[in-house]
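These are my notebook entries on a single structure. I looked up selected side chains, then the strands, the helices and the nonpolar core.

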Amino acid sequence: MLRGVNRVFLGLVGLVLLVLGGSVLAVGLGVSAPSWWIHDSRHDVLLSEAERTRWRDSGWWWPVVIAALAVLLLLALWWLVAVLRRHRLAEVLVDTGDGEGALLRGRALEHVLTQEAERIDGVDRSRAHLKGRRTAPEAHVRLALESHVDPGTALTDFTTGALQHARTSAGLASLPAEVRLRSVKHGAERVS
């Protein structure tokens, strides 16, 4: 969801900046602007001194400006943290039984889950991601199933096979998983 919000937000900001910048450039090059547009001619400024100082003496102006800027700052910081935050688990802590521990690369476990899931009969493609903490990872798996496959059977084969092997090999007490299933579209078959 965050990726979609990120793309929509950046797209809208880019579109607004492109339209505003393009319109100012066009008016600066001599294109006549509509009567309602904020920029009239090549020698016009975007904000006149009267427009900039119109509400300066009003008691509500500065609190509204500060509140709006604070909201914009908080939204920008939220967006920055969301973009920079790691979405994948980098490593899993494996209990070796001797009081120490070993670190297993999260990508390696994801790769094994993906490869073993693709060996299941009827699974066309798969993708696995690990999230959570390194002592309690969670698997998020997407399976693309061929049209003739029973989803319940494919899910059972995945949980008793690939997921169970990953949990056992990493020495985890549990490995919760969110599995999303979808069907692969296929082209029409030719009939002679």
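**Entry 1. H129.** I looked up the polar contacts of H129 and found one of 3.4 Å that joins its side chain to that of R127. I count as a polar contact a pair of N or O atoms within 3.5 Å; within protein, one must be able to donate a hydrogen and the other to accept it, and residues adjacent in sequence count only if both atoms are side-chain atoms. The model is predicted, so local features need pLDDT of at least 70 and side-chain atom pairs count only at pLDDT 80 or more, while totals for chains, interfaces and linings use all residues. Residues are numbered from 1 along each chain as its sequence is written, and side-chain values use heavy atoms, with hydrogens and water left out.

I placed H129 in strand β3. Helices (H or I, at least four residues) and strands (E, at least two) are DSSP runs, numbered from the N terminus. Is H129 buried or exposed? H129 counts as buried because its relative accessibility is 18%; the cut-offs are under 20% relative accessible area for buried, over 50% for exposed and partly exposed in between, with a 1.4 Å probe and protein chains only. Leaving out residues up to four places away in sequence, I listed R88, E110, E138, A139 and H140 as the residues that H129 touches. Contact here means heavy atoms within 4.5 Å.

**Entry 2. T114.** I then turned to T114, which lies in helix α4. With a relative accessibility of 13%, T114 is classed as buried. Its side chain reaches the backbone nitrogen of A128 at 3.3 Å. Residues up to four places away in sequence aside, T114 touches S126, R127 and A128.

**Entry 3. Helix α4.** I checked the length of α4, residues 106–118: its 13 residues reach 18 Å from first C-alpha to last, close to the 18 Å expected at 1.5 Å a residue. The expected span is 1.5 Å times one less than the number of residues. Which residues of α4 are buried? They are G106, L109, E110, L113, T114, E116 and A117. These buried residues pack against β1 (91–95), β2 (101–105), β3 (123–133), β4 (136–145) and α5 (151–169).

Entry 4. I found β1 and β2 paired in the antiparallel sense over five bridges; two strands pair if DSSP finds at least two bridges between them. L93 stands opposite L103 in β2. The two strands form a hairpin with five residues between them, and G97 in the turn has a positive phi of about 90 degrees.

**Entry 5. The three-stranded sheet.** I traced an open sheet with the strand order β3-β4-β5 and mixed pairing. β3 and β5 (177–183) are its edge strands, each pairing on one side only. From one strand to the next, the twist averages 15 degrees. Axes are lines fitted to C-alpha atoms, for helices over the stretch in contact, and angles run from 0 to 180 degrees between N-to-C directions.

How do the strands pair? β3 and β4 are antiparallel, over 10 bridges, with G132 opposite P137 in β4. A hairpin of two residues joins β3 to β4. β4 and β5, in turn, run parallel and are joined by seven bridges; R142 stands opposite R180 in β5.

I next examined the helices on this sheet. α4 packs on it, touching β3 and β4, and its direction makes about 150 degrees with that of β3. α5 also packs on the sheet, touching β4 and β5, and its direction makes about 140 degrees with that of β4.

**Entry 6. The largest nonpolar core.** I looked up which members of the 22-residue core touch the most others, and found L113, L143 and F158. Such a core is a set of buried Ala, Val, Leu, Ile, Met, Phe, Trp, Tyr and Cys residues joined through side-chain atoms within 4.5 Å. At least two residues come from each of α4, β3, β4 and α5, and α5 gives the most, with five. F158 touches L113, A117, I120, V141, L143, L163 and V179, not counting residues up to four places away in sequence.

**Entry 7. D157.** Lastly, I looked at D157, in helix α5. D157 is partly exposed, because its relative accessible area is 34%.
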